[in-house]
Amino acid sequence: MDSSILEKVRELRGQGRSPKQIARALGMAPAAVAPYVRAVAEQTGGQAAGPELAGCWINAGWGEGLGVPGTTGWADDAPTGQETAGTVSVVVARKHGWDKLSVCAYLVDVYCLGVKHALGPDVMSEVELHRFLPKWFRIYSHSWREAPLDLVRHLVFGAVDYARDLGFEPTADFAGTAGHLGTWEEKSAVTFGKDGKPFYLAGPNEDVRHVVKTLERRVGPPPNFDFFAPMPDSPISLGGHRLTP
């Protein structure tokens with residue numbers, strides 16, 4: 001078994017990639033990658049998650065514009081028309097020793113780009129965690145609430161898969177935080193995009209032209225996707241599609 005390939009597979013599994021995605025990333029046949037995936041699972045004891053879960057939190061309004069089957073029981077009862085629609089924030093805490101917590105946080109664009117920002121793992125006391133939560137969720141007018149880990153996994157890993165299909169990789173910091181969510185071999189039950197269609201809302205310091213052109217290559221021109229890039233001075237045109245403030 002090639003140790004360099006094994007190490008690459010271990011790294012990709014840590015990012016939450018499925019065996020099929022690993023095979024594609026390494027340019028190998030799925031059958032050739034399978035023994036390496038099994039070896040990584042054996043080395044980690046087959047554990048899907050690390051230390052005991054202490055809690056998960058998510059912003060109210062996370063489901064705005066998403067398709068979520070009623071059979072999942074993942075209700076989002078926040079009012080519709082969220083000003084932060086398309087942005088989902090998550091915090092996951094696991095036990096760290098007898099009196100500490102290991103905390104990871106994620107900022108996810110569920111309409112287009114996937115995981116844009118990830119923090120941790122940071123070791124905190126319970127007091128420090130409860131000081132951190134209102135800071136992480138401060139942009140949401142309807143606050144935050146506890147959430148089942150299964151919902152969080154389907155949202156975060158599912159958004160990563162959705163973004164990759166559109167041509168976008170998660171932030172590099174995601175690799176170090178994905179382990180708090182466990183391993184991912186599923187297909188998300190959530191339908192991503194705004195009402196099922198990619199929607200790019202440009203953020204500060206983003207290469208808007210690159211994102212738009214990537215979307216055009218993957219899904220075709222608008223109306224196959226929508227985008228909005230607020231500009232401080234005047235409207236501009238990207239690839240023939242007008243962006244207005």
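This is a predicted model: local features need pLDDT of at least 70, side-chain atom pairs count only at pLDDT 80 or more; totals for chains, interfaces and linings use all residues.
View 1. Helices (H or I, at least four residues) and strands (E, at least two) are DSSP runs numbered from the N terminus, and two strands pair if DSSP finds at least two bridges between them. Strand E2 (residues 87–96) runs antiparallel to E3, to which 10 bridges join it, and valine 92 stands opposite cysteine 104 in E3. The hairpin of E2 and E3 has three residues between the strands, and in this hairpin glycine 97 takes a positive phi near 75 degrees. E3 is also joined to strand E4 (residues 114–124), again antiparallel, by eight bridges, with tyrosine 106 opposite alanine 118 in E4. Strand E3 (residues 100–109) is mostly covered, as eight of its 10 residues are buried; buried means under 20% relative accessible area, exposed means over 50%, and partly exposed lies in between (1.4 Å probe, protein chains only). Valine 110, in the loop between E3 and E4, is buried, with a relative accessible area of 0%.

**View 2. Salt bridges.** A salt bridge is a side-chain nitrogen of Lys or Arg within 4 Å of a carboxyl oxygen of Asp or Glu, and the structure holds five of them. In one of these, the side chains of glutamate 206 and lysine 116 meet at 2.7 Å, N to O. This pair links distant parts of the chain, since glutamate 206 is in the loop between E6 and H6 and lysine 116 is in strand E4, 90 residues apart. Glutamate 206 is partly exposed at 23% relative accessible area, and lysine 116 is partly exposed at 35%.

View 3. The peptide bond from glycine 120 to proline 121 is cis, with omega near 0 degrees, and proline 121 is found in strand E4. A cis peptide bond also joins proline 222 and proline 223, where omega is about 15 degrees, and proline 223 lies in the loop between H6 and strand E7 (226–228). Asparagine 205 has a positive phi of about 65 degrees although it is not a glycine, and at 83% relative accessibility asparagine 205 counts as exposed.

**View 4. A positive surface patch.** Arg209, Lys213, Arg217 and Arg218 form a positive surface patch, and arginine 209 is found in helix H6 (residues 208–219). Patches are made of residues with over 30% relative accessible area and no salt bridge, where like charges are joined within 9 Å and nonpolar side chains (Val, Leu, Ile, Met, Phe, Trp, Tyr) within 5 Å.

Conventions
Residues are numbered from 1 along each chain as its sequence is written. Side-chain values use heavy atoms; hydrogens and water are left out. Accessible areas come from the Shrake-Rupley method with a 1.4 Å probe; for residues, only the protein chains shown count as cover. Lys and Arg count as positive and Asp and Glu as negative; His and the chain ends are not counted. The place of a charge is taken as NZ of Lys, CZ of Arg, CG of Asp or CD of Glu.
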